[in-house]
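Please look through this note with the model open beside it.

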Amino acid sequence: MNSRLIGNGEITLVLSHGYGASQAVWDEVVPKLSKRYQLFLFDWCFSEAVKPPLTFDSSKDFSFEGFADELISLLDNYKLKCVVFVGHSMAGMVGCLASIKRPDLFSHLVLVGASPRYVNSDDYQGGFQLTDVENILTNIQTNFQAWAEEFAPMASGITDQIHLKKLIDSFKGMNPTAALPLAKMIFLSDQRHVLEHVKLPCTIIQGTEDIVVPVVVGDYMKCKLKGETSLVNIDKNAHFPQITSPKKFVEILRKILK
């Protein structure tokens with residue numbers, strides 16, 4: 001999983017990427033963070049950075065529980081405890097589950113563009129109708145490359161062409177046997193019941209123009225998480241604020257860590 005420890009400092013930050021990405025999604029913030037903190041980075045098994053790529057059985061589902069167990073194993077292998085976990089997108093809920101199972105491993109959760117549920121219901125706004133999600137899954141199944149080319153720019157809000165190409169290439173290079181089952185796990189999941197069991201301090205970082213996770217989801221999570229929780233909205237940012245506003249992102253983390 002290309003796991004590595006870099007940087008210096010008494011506090012350890014675990015930087016965990018989401019769907020379609022790799023640890024490179026943190027490249028814009030790593031140089032400044034590593035001057036003050038120890039950073040633990042790794043690639044999830046579905047990432048294009050994992051070589052050679054693994055083969056996944058499409059008949060078997062991914063699960064948030066499974067990813068949480070992988071995270072716990074990684075931290076145990078490195079003998080890391082009381083870390084500050086920074087989870088982007090799907091990794092946010094992975095961190096929540098891991099913190100419930102092993103609270104000794106974590107001191108604070110930073111949830112970046114995280115969501116417990118993406119599909120709207122009568123009493124909840126997740127950002128997508130079920131038909132929207134079904135269309136996404138169909139497009140992933142029929143032409144993943146074309147979908148990735150369209151979805152990455154739309155979700156990220158990145159305007160810099162170099163950074164945008166890097167992200168698109170990461171999405172398109174994602175393990176093809178994982179793309180559809182992982183998307184099903186994410187977009188069809190309902191992890192709302194998990195939030196009331198998270199007792200650790202949390203910070204939610206939310207882009208105000210995020211079309212994947214609308215701002216109402218951040219408000220919902222803040223109300224449901226049981227630990228001391230703060231919500232930081234980053235104006236004019238979408239789903240990847242660590243790329244589009246790295247300076248602001250680092251400032252938020254430094255404020256938390258004080």
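1. Buried means under 20% relative accessible area, exposed over 50%, and partly exposed in between, with a 1.4 Å probe and protein chains only. Phe62 is buried, at a relative accessible area of 16%. Phe67 is buried too, at 1%.

2. This is a predicted model: local features need pLDDT of at least 70, side-chain atom pairs count only at pLDDT 80 or more, and totals for chains, interfaces and linings use all residues. Residues are numbered from 1 along each chain as its sequence is written, and side-chain values use heavy atoms, with hydrogens and water left out.

3. Rings of Phe, Tyr and Trp (its six-membered ring) pair if their centres lie within 6.5 Å; planes under 30 degrees apart count as stacked, over 60 as edge-to-face, the rest as tilted. The count by this rule is 17 aromatic pairs. Trp26 and Phe249 make a tilted one, 6.1 Å between centres and 45 degrees between planes. Both residues are buried.

4. Why is the pair of Phe62 and Phe67 stacked? Their ring centres are 5.7 Å apart and their planes meet at 15 degrees, so the pair counts as stacked. Both belong to one aromatic cluster, together with Phe40, Phe42, Trp44, Phe46 and Tyr78.

5. Arg192 lies over the face of Tyr124, 4.9 Å from the ring centre. The rule asks for NZ of Lys or CZ of Arg within 6 Å of the ring centre and within 35 degrees of the ring normal.
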